Amino acid sequence: VQLVESGGGLVQPGGSLRLSCTVSGFTFSRYSMSWVRQAPGKGLEWVSSIHSIGSNTKYADSMKGRFTISRDNAKTTLYLHVASLKPEDTALYYCARTTATWATYDYWGQGTQVTVSS
C-alpha cells in the first residue's frame, strides 16, 4: 500500500492550492479517504473525509467553505482544494485510508507541506 501526496508549497494569505494523493496497492474505490494535518508543534487535526464513491463528504468546522475534498477513482487519486488560506493553515497535510467507521486510519502518506506566509 502506498499513498503519495503532492501539491503543497508556499502561498500567500488568501491564496489557494490543490493537494493530490495518488494511491496504489489497494482497490481505491472501495475505501473512504481522509485528509489530516499537523501544524508545527501541534497534534494531528482531522480536516475532511470522503466516502468511497464520493457521495458523502465531511469537513472540520474551521475548513468548511474554504476546503473541498474530491476523488477520481479512475485515477486512484484523492484531492483537497484549499482556498482562502490563512497562516494558521500552515501544516503538513497527510492523506489517509479511512476505516469504515470514519473514526480511524490504517495507512498514511508521507505528507505534503503547506506554508501560508506573506
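Reader: Are Arg 66 and Asp 89 buried or exposed?
Author: Both Arg 66 and Asp 89 are buried. Keep in mind that this is a predicted model.

Reader: What makes the contact of Arg 66 with Asp 89 a salt bridge?
Author: The closest N and O atoms of Arg 66 and Asp 89 are 2.7 Å apart, and the cut-off is within 4 Å, so the pair counts as a salt bridge. This pair also links distant parts of the chain. Arg 66 sits in the loop between β6 (57-59) and β7 (67-72), while Asp 89 is in the loop between β8 (77-82) and β9, 23 residues apart.

Reader: Which residues does the network hold, with salt bridges that share partners?
Author: Arg 37, Glu 45, Arg 66 and Asp 89 are joined into one network that way. Over the whole structure, the search finds 5 salt bridges.

Reader: How do you know that Lys 64 and Asp 61 meet in a salt bridge?
Author: Their side chains come to 3.3 Å, N to O. The limit is 4 Å, so Lys 64 and Asp 61 qualify.

Reader: What makes β9 and β10 a pair of strands?
Author: Pairing takes at least two bridges. Strand β9 (residues 91-98) and strand β10 (residues 105-108) are joined by 3, so they pair, running antiparallel. Ala 96, for one, has Trp 108 in β10 as its bridge partner. The two strands form a hairpin with 6 residues between them, and Trp 102 in the turn has a positive phi of about 65°.

Reader: And how do you know that β3 pairs with β8?
Author: Going by that cut-off of at least two bridges, the 6 bridges between β3 (residues 17-24) and β8 settle the matter, so these antiparallel strands pair. Cys 21 stands opposite Leu 78 in β8.

Reader: Why are β1 and β7 called edge strands?
Author: Take the open sheet of 4 strands, in the order β1-β3-β8-β7 with antiparallel pairing. β1 (2-6) and β7 each pair on one side only. From one strand to the next, the twist averages 15°.

Technical notes: Residues are numbered from 1 along each chain as its sequence is written. This is a predicted model: local features need pLDDT of at least 70, side-chain atom pairs count only at pLDDT 80 or more; totals for chains, interfaces and linings use all residues. Side-chain values use heavy atoms; hydrogens and water are left out. Buried means under 20% relative accessible area, exposed over 50%, partly exposed in between (1.4 Å probe, protein chains only). Axes are lines fitted to C-alpha atoms, for helices over the stretch in contact, and angles run from 0 to 180 degrees between N-to-C directions.
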